Amino acid sequence: MDDIIQAQNLTKTFKDFTAVDNVSFNVPKGEIFAFLGPNGAGKTTTIKMLTTLLRPTTGSIKLNGIDTVLHSEKARKTFGIVFQDPSLDDELTAMENMEFHAVLYKVPGREIKERLEKFLKFVELWDRRNDLVKTFSGGMKRRLEIARGLLHKPEILFLDEPTQGLDPQTRNKIWEYLQNLNKETQITIFFTTHYMEEAEQVAHRVAIMDHGKIIDAGSPDKLKEQTQTKTLEEAFLKLTGTAIRDEEASGIDKLRGHGRMWRH
Amino acid sequence: MSAVYILWKRELIRYFRSRARLVGSLGQPLLFLVALGFGLGPVFAKAGQGNYFQFLGPGVVCMGILFTGVFAGIQVIWDRQFGFLKETLVAPITRFEIMLGKTLGGATVAFVQGVFVLILSMLIGFKVEHILMIPVALIAMFLVALFFTALGISIASVLQDMQGFQLIMNFVVQPVFFLSGALFPLSGVVSFLSIISAVDPLAYGVDAVRGSLTGITHFGLVTDFTVLIVISAVILTIGSYLFSRVEA
């Protein structure tokens, strides 16, 4: 069977800066795949390309066999996404945020109610369904976003640093949901994280990205064996070095910078 | 079309949920009606121009629509800053549907605001001359709402953050209002002002609302409606184009 995510020779350049440099990888259906790398390595840019938010400068992406550039709308139905930063409407209730998503993704009207209940219960937010999202904690918002991302029954779930800034209890809980879901429905999970022990525990396979290129990929065990290290964290540091990276500004930040130069 | 509907509905939920903002946004029109209406009324009457309140009412109605509409459109910037825009951009719908839903939602909110201001001015003393012309005035009000919401979205598609907002208020929205003939008759003003007013979209909106409610018109209702329909179509096209280029 074909791999559910196929990225071929992906490149993204912003003016004179190459964020992603000729990257190719495949993810088979049902896999939990971790995408690792230091700040500014190009992870978020890659996720944005995979999820049709950015158009690759060159290269192609197929999700479940659908070309994301040629058939972006159809491709969008195949995945759910939890962004790095919150993307909920604070002024709406949990339920309203979910309904909004269900309608945008054309979930059949008679199924909406049942699915809202199922997924809100799944992330244990059913009791808070009628509360405004602005009253939620960071962990609750994250759980709601996961429930929302699953509402249209996607084949792939993208998560960009889903557990960043959350306490160990919440992180644990979130991975419990996701692993159960992966076992039950064979949903493919593609995520980025800076918590190496997390990737080591849950991922079937990891890819390590640095300076816009994938420098190594394989199961956590394989990477540890290759680098002769005991933990994924050590392997990661051995592969990417120990120097601290300053966060490279995203494309839009760069454009903003250009704008400011013009204004002053 | 269900996507357009839910985007429209979201704007309405947000508008009616914040009662404080709803009441607060009636403060400025009320101030204009009371301070200018009663303050300048005697001068206006002495100059032989009749009842100033009758003249001012439609102008202030359009002011309410203008501010609410542009503001509703510009909220796209907030949606971007708070991340919600990404949720809509990544959904399996076209950019045009998003733009349309947001514009119709914002325009409905601005239109409702205009109706509130109209009711408010009628409570204070504004009289509708021809009851049968009210639907015509409402259509004009909706066109004004549509135009300025689409304008707000167009501006928001180009601006990256809220820093440019004050610039837009001072150099676009305020001049559009003060030079539109909302506050003073356009007949007999110095020629440079009449030229500016002739290219001010709101001038036609104010004239259409005033013409249908009181019978006093400067350009004529046919001209007003032709201009309003044409510029609304143009700005919707421009807005769709600009919005289609927005990056998350």
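This report walks through a predicted model with chains A and B.

## Chain A as a whole

Chain A has 264 residues. Its secondary structure comes to ten helices and ten strands. Along the principal axes, its C-alpha trace spans about 50 × 50 × 40 Å.

The radius of gyration of chain A is 19 Å. A compact globule with 264 residues would have a value near 18 Å, so the two agree. Of the residues of chain A, 40% count as buried. Contacts also reach along the sequence. Among those between residues at least 6 apart, 68% join residues at least 24 apart.

Strand 1 of chain A covers residues 5–14, and Phe14(A) is found in it. Phe14(A) counts as partly exposed, because it has 18 C-beta neighbours inside 10 Å. Glu31(A) is 17 residues from Phe14(A) along the chain. The C-alpha atoms of the pair are separated by 31 Å.

Next comes Lys15(A). This residue lies in the loop between strand 1 and strand 2 (17–27) of chain A. Lys15(A) has 9 other C-beta atoms within 10 Å, so it is exposed.

## Two further positive phi values

Thr52(A) is not a glycine, yet its phi is positive, at about 70 degrees. It sits in the loop between helix 1 (43–50) and strand 4 (58–63) of chain A. Is Thr52(A) buried or exposed? It has 22 C-beta neighbours inside 10 Å and therefore counts as buried. Lys15(A), by contrast, is exposed.

Lys106(A) also takes a positive phi, of about 55 degrees. Its place is just after helix 3 of chain A.

## Helix 3 of chain A: a covered helix

Helix 3 of chain A runs over residues 94–104. It is mostly covered, with ten of its eleven residues buried. The buried set is Ala94(A), Glu96(A), Asn97(A), Met98(A), Glu99(A), Phe100(A), His101(A), Ala102(A), Val103(A) and Leu104(A).

What do the buried residues of helix 3 of chain A pack against? Within chain A, they meet helix 4 and helix 5 (138–150). From chain B, they meet helix 1 and helix 5.

## Helix 3 against helix 4 in chain A

Helix 4 of chain A spans residues 109–122. It packs with helix 3 of chain A at an angle of about 125 degrees, and the axes are 11 Å apart. The two helices are therefore oblique to each other. Their crossing is right-handed.

Helix 3 of chain A brings Ala94(A), Met95(A), Met98(A), Glu99(A) and Ala102(A) to the contact. Helix 4 of chain A brings Ile112(A), Arg115(A), Leu116(A) and Leu120(A). By class, the contact has seven nonpolar, no polar and two charged residues. An α-helix has 3.6 residues a turn, so residues three or four places apart point the same way.

## Where chain B touches chain A

The contact between the chains takes 22 residues from chain B and 25 residues from chain A. On the side of chain B, the elements that give two or more residues are helix 1 (2–17) and helix 5 (84–89). Helix 1 of chain B gives the largest share, seven residues. By class, this side of chain B has eleven nonpolar, five polar and six charged residues.

## A helix pair inside chain B

Helix 4 (residues 52–81) and helix 6 (residues 95–124) of chain B have axes that come within 8 Å. They cross at roughly 155 degrees. That makes helix 4 of chain B roughly antiparallel to helix 6 of chain B. The crossing of this pair is right-handed.

Which residues of helix 4 of chain B meet helix 6 of chain B? Among them are Gly57(B), Val60(B), Val61(B), Gly64(B), Ile65(B) and Thr68(B). The residues of helix 6 of chain B in this contact include Lys102(B), Gly106(B), Ala107(B), Phe111(B), Gln113(B) and Gly114(B). The contact of helix 4 with helix 6 in chain B divides into eleven nonpolar, nine polar and one charged residue.

Note on methods
Residues numbered from 1 in each chain as written. Chains lettered and ligands numbered in written order. Predicted model: local features only at pLDDT ≥ 70, side-chain atom pairs only at ≥ 80, totals over all residues. Axes fitted to C-alpha atoms, helices over the stretch in contact; angles between N-to-C directions. Helix = DSSP H or I, 4+ residues; strand = E, 2+ residues; numbered from the N terminus. Parallel < 35°, antiparallel > 145°, perpendicular 65-115°, else oblique. Left-handed = near helix turned anticlockwise from the far one by under 90°. Contact = placed C-beta atoms within 7 Å. Nonpolar A, V, L, I, M, F, W, Y, C, P; charged D, E, K, R; others polar. Rg over C-alpha atoms; globule rule 2.2 N^0.38 Å. Buried ≥ 20, exposed ≤ 12 C-beta atoms within 10 Å, placed from the backbone.
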